[in-house]
Structures are given as structure tokens and as C-alpha cells.
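Please look at the sequence and the structure shown below, and keep both in view while reading the report that follows.

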Amino acid sequence: MTRSTRFYSVAAVLALGAGLGSGATTAIRKMTLTAGTDTIDYSLYQESTHTDIWGTGADAVAGVSAGSAEPYTVYGRLLSHATPTTGVYTDTVLVTVAF
């Protein structure tokens with residue numbers, strides 16, 4: 001008996017939500033001070049040149065997997081603004097993978 005292993009390519013779309021910061025969009029996300037309401041604006045990008053926003057719809061990333069784990073790098077950049085209040089800022093961004 002001969003056994004063969006086959007790997008099939010699977011197309012997927014990876015989308016990054018706006019995050020939980022109040023007033024956030026996929027173009028301008030907001031990290032919120034854990035002990036307050038101050039925010040820091042930031043964006044997530046598809047490449048290191050910070051040209052293409054990584055978001056949803058047309059700003060999602062199409063990928064193909066050959067049956068194994070596929071790494072994807074997300075690039076971030078803080079947007080310019082006044083010096084923020086000192087503290088810890090957080091945000092949560094939902095990643096959706098659609099096959």
C-alpha cells in the first residue's frame with residue numbers, strides 16, 4: 001500500500017479591525033491610557049514603508065497557505081501629537097481570517 005501526502009493551497013483574507021479605542025478607525029487607531037481617558041493615535045501597516053494601511057475590506061491582506069503556518073508581519077507607527085500623559089496605553093485589535 002502506497003501512502004501519499006497532499007498539501008492544498010488555501011486562499012485567505014486577513015483583516016485587522018479598528019481596535020477598541022473610542023473613535024478609532026482602521027486608518028487612525030487609539031491606544032487608551034489604562035488609568036484615564038487620554039489616547040495616543042497610531043496606525044498599522046502592511047509593509048515597513050508605512051504606505052498601505054492594514055484594515056478591513058479593501059485594506060485587508062490576501063494570502064495563500066500551503067497547509068503550514070504562515071507568518072505575517074504587522075508594522076506600526078505612532079502618529080504625531082503633543083507629548084502624552086505618562087503611563088501605560090493599550091488597545092485590542094481583532095484579527096479576522098476568512099477562507
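## A salt bridge, a sheet and a core

Lys30 and Asp41 form a salt bridge in which the closest N and O atoms are 2.8 Å apart, where a salt bridge is a side-chain nitrogen of Lys or Arg within 4 Å of a carboxyl oxygen of Asp or Glu. The two residues link distant parts of the chain, since Lys30 lies in strand S2 (residues 29-33) and Asp41 in strand S3 (residues 39-45), 11 residues apart. The structure holds 1 salt bridge. Lys30 counts as buried because its relative accessibility is 16%; buried means under 20% relative accessible area, exposed over 50%, and partly exposed in between, with a 1.4 Å probe and protein chains only.

This is a predicted model, in which local features need pLDDT of at least 70 and side-chain atom pairs count only at pLDDT 80 or more, while totals for chains, interfaces and linings use all residues. Residues are numbered from 1 along each chain as its sequence is written, and side-chain values use heavy atoms, with hydrogens and water left out.

Strands (E, at least two residues) are, like helices (H or I, at least four), DSSP runs numbered from the N terminus. An open sheet is formed by 3 strands in the order S4-S1-S7, with antiparallel pairing; two strands pair if DSSP finds at least two bridges between them. Strand S4 (61-65) and strand S7 (95-98) stand at the edges with a single partner strand each, so one side of each is left without a neighbour in the sheet.

Strand S1 (residues 10-16) and S4 pair in the antiparallel sense over 5 bridges, and the table gives two of the facing positions.

| Residue | Opposite residue in S4 |
|---|---|
| Leu14 | Val61 |

In a regular strand the side chains alternate between the two faces of the sheet. The covered face of S4 has Val61, Gly63 and Ser65, whereas Ala62 and Val64 are on the uncovered one.

The largest nonpolar core has 10 residues, among them Leu14, Met31, Tyr42 and Val61; such a core is a set of buried Ala, Val, Leu, Ile, Met, Phe, Trp, Tyr and Cys residues joined through side-chain atoms within 4.5 Å. S1, S2 and S3 each supply at least two residues of this core, and the largest share, 3 residues, comes from S3.
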